[in-house]
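Trainee: I would like to learn how to read strands and sheets in a model such as this one. Could we go through it together, feature by feature?

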Amino acid sequence: MNDCIIVTGGAGFIGSNFVNDWVKLGLGKVINLDKLTYAGNLANLADIEQNPEHIFVHGDIGHSELVGDLLKLYQPRAVVNFAAESHVDRSIHGPGEFIQTNIVGTFNLLEEARTYWSSLNDADKANFRFLHVSTDEVYGSLSATDSAFKETNAYEPNSPYSASKAASDHLVRAYHHTYGIPMLTTNCSNNYGPYHFPEKLIPLVIHNALNGKPLPIYGNGSNVRDWLYVGDHCTAIRRVLEAGRVGETYNIGGWNEKTNLEVVHTLCDILDQQKPKKSGSYCEQITFVQDRPGHDQRYAIDATKIERELGWKPAETFETGIQKTVAWYLTHQDWVNNVTSGEYKNWVNTNYKERGEELA
Ligand code: NAD
Ligand code: TYD
């Protein structure tokens with residue numbers, strides 16, 4: 001077994017942050033397997049393009065032969081699985097890809113990992129880790145007075161996206177329980193930060209605000225999410241990989257519950273300071289649009305377990321993280337222009353026309 005890891009989905013938002021940090025911190029070689037769907041972007045990895053510690057492989061986690069060959073060739077000490085279809089609204093429009101990648105793809109990865117792991121000697125078997133990156137959305141929706149999600153909460157997924165992630169979490173659990181493969185699962189709240197694809201709330205609002213377009217709020221904007229800066233999520237994953245108890249799940253969150261309306265107002269206020277309009281405030285662009293079907297009301301993470309067992313706490317508050325994020329988008333408009341050309345426009349047409357808004 002070598003001191004290298006295989007990361008899947010490492011050209012997407014969180015995966016690319018994780019891979020960039022890993023290589024820049026000098027933590028060893030990373031084999032980055034990504035299908036480069038609309039959400040995957042090699043520009044996210046431009047900083048480490050020439051770095052010999054990063055090997056990019058264009059491919060699908062559902063391709064057994066490819067995954068098996070990579071495991072045999074590189075003999076990694078860990079697999080970190082970020083690869084997924086990740087957008088709830090897209091899962092409502094077309095769940096098929098979510099079933100294929102999030103469930104069948106993860107199953108395939110697990111099967112190949114099982115074959116590889118079975119071939120290792122006892123010491124390497126004990127040291128190997130398969131870390132599955134999942135979401136708090138598997139726990140369903142909370143009312144305003146419910147306690148935050150603990151690792152012991154029942155799974156109650158409500159969207160095709162969260163149901164597909166829940167299914168993959170169950171497979172990971174079963175592969176630990178049945179075959180003894182050292183598995184770890186993390187369930188994290190909403191991330192934000194650099195390289196976030198502008199179909200998700202925070203980058204979409206920044207992008208639309210700067211382009212004079214409506215800032216679409218689903219329903220009345222009272223839905224609550226817990227927000228975590230992406231760099232903190234990456235720190236937490238590294239910590240779980242290093243010291244997490246095998247077979248355990250760890251909830252990761254920022255202790256930052258905000259309504260969507262609060263988030264959008266905060267973004268407008270920061271943009272009013274960092275990039276003021278000739279007249280008026282960006283808040284004037286806020287528009288209420290038709291709600292998401294089955295829209296989960298509230299997510300909140302109780303991150304006590306990872307803090308108590310592994311000493312992890314987020315470094316950023318929402319206030320510091322969101323300032324950094326807006327500043328990043330203002331200085332990376334080329335990246336935004338690149339990812340919002342082409343297919344992006346079709347998605348925006350599909351999602352917002354039916355909500356009564358023309359955003360493309
Ligand atoms: P993303 O959509 O930005 O990136 C997903 C990446 O996976 C892309 O690079 C894509 O090309 C790749 N991919 C998709 N299908 C693939 C396949 N079949 N084979 C190989 N690669 C494939 O997603 P993200 O926001 O970076 O999320 C990463 C992971 O973290 C996902 O598993 C998601 O469920 C989980 N997660 C996300 C959040 C969040 O707020 N974004 C929060 C908690 C957990
Ligand atoms: P999103 O970023 O899609 O993440 P998730 O659905 O996984 O939590 O959405 C975050 C919240 O913002 C969610 O409650 C839906 C809402 N939202 C809007 O109000 N308008 C939008 O245009 C988008 C994309 C999301």
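**Reading strands and sheets**

Mentor: Let us begin with confidence, since this is a predicted model. The mean pLDDT of the protein is 97, and 100% of its residues reach 70 or more.

Trainee: Where is confidence lowest, and where is it highest?

Mentor: Confidence is lowest in helix H13 (residues 343-353), at a mean of 91, and highest in strand E5 (residues 129-135), at 99.

Trainee: Which way do the side chains of E5 point, and are they buried or exposed?

Mentor: In a regular strand the side chains alternate between the two faces of the sheet. In E5, Arg129, Leu131, Val133 and Thr135 point one way, while Phe130, His132 and Ser134 point the other way, and all are buried.

Trainee: Which strands pair with E5?

Mentor: Strand E4 (residues 78-81) pairs with E5 in the parallel sense over 4 bridges, and Asn81 stands opposite His132 in E5. Strand E6 (residues 183-188) also runs parallel to E5, joined to it by 6 bridges, with Thr186 as the bridge partner of Val133. Between E5 and E6 the chain passes through helix H6 (residues 160-179), in a right-handed β-α-β crossover.

Trainee: What is the strand order in the open sheet of 3 strands?

Mentor: The order is E7-E9-E11, and the pairing is mixed. Strands E7 (190-192) and E11 (257-259) each have a single partner strand, so one side of each is left without a neighbour in the sheet. The twist averages 50 degrees from one strand to the next.

Trainee: How many bridges join E9 to E11?

Mentor: There are 3 bridges between strand E9 (residues 224-229) and E11, which run antiparallel, and Asp226 stands opposite Glu257 in E11. Helix H9 (residues 260-274) lies across E9 and E11, at about 85 degrees to E11.

Terms used: Residues numbered from 1 in each chain as written. Chains lettered and ligands numbered in written order. Predicted model: local features only at pLDDT ≥ 70, side-chain atom pairs only at ≥ 80, totals over all residues. Heavy atoms only, no water. Pairing = 2+ DSSP bridges. Helix = DSSP H or I, 4+ residues; strand = E, 2+ residues; numbered from the N terminus. Axes fitted to C-alpha atoms, helices over the stretch in contact; angles between N-to-C directions. Contact = heavy atoms within 4.5 Å. pLDDT = per-residue confidence, 0-100. Buried < 20%, exposed > 50% of the residue type's maximum accessible area, 1.4 Å probe, protein only. Right-handed = clockwise from strand over helix to strand, strands pointing away.
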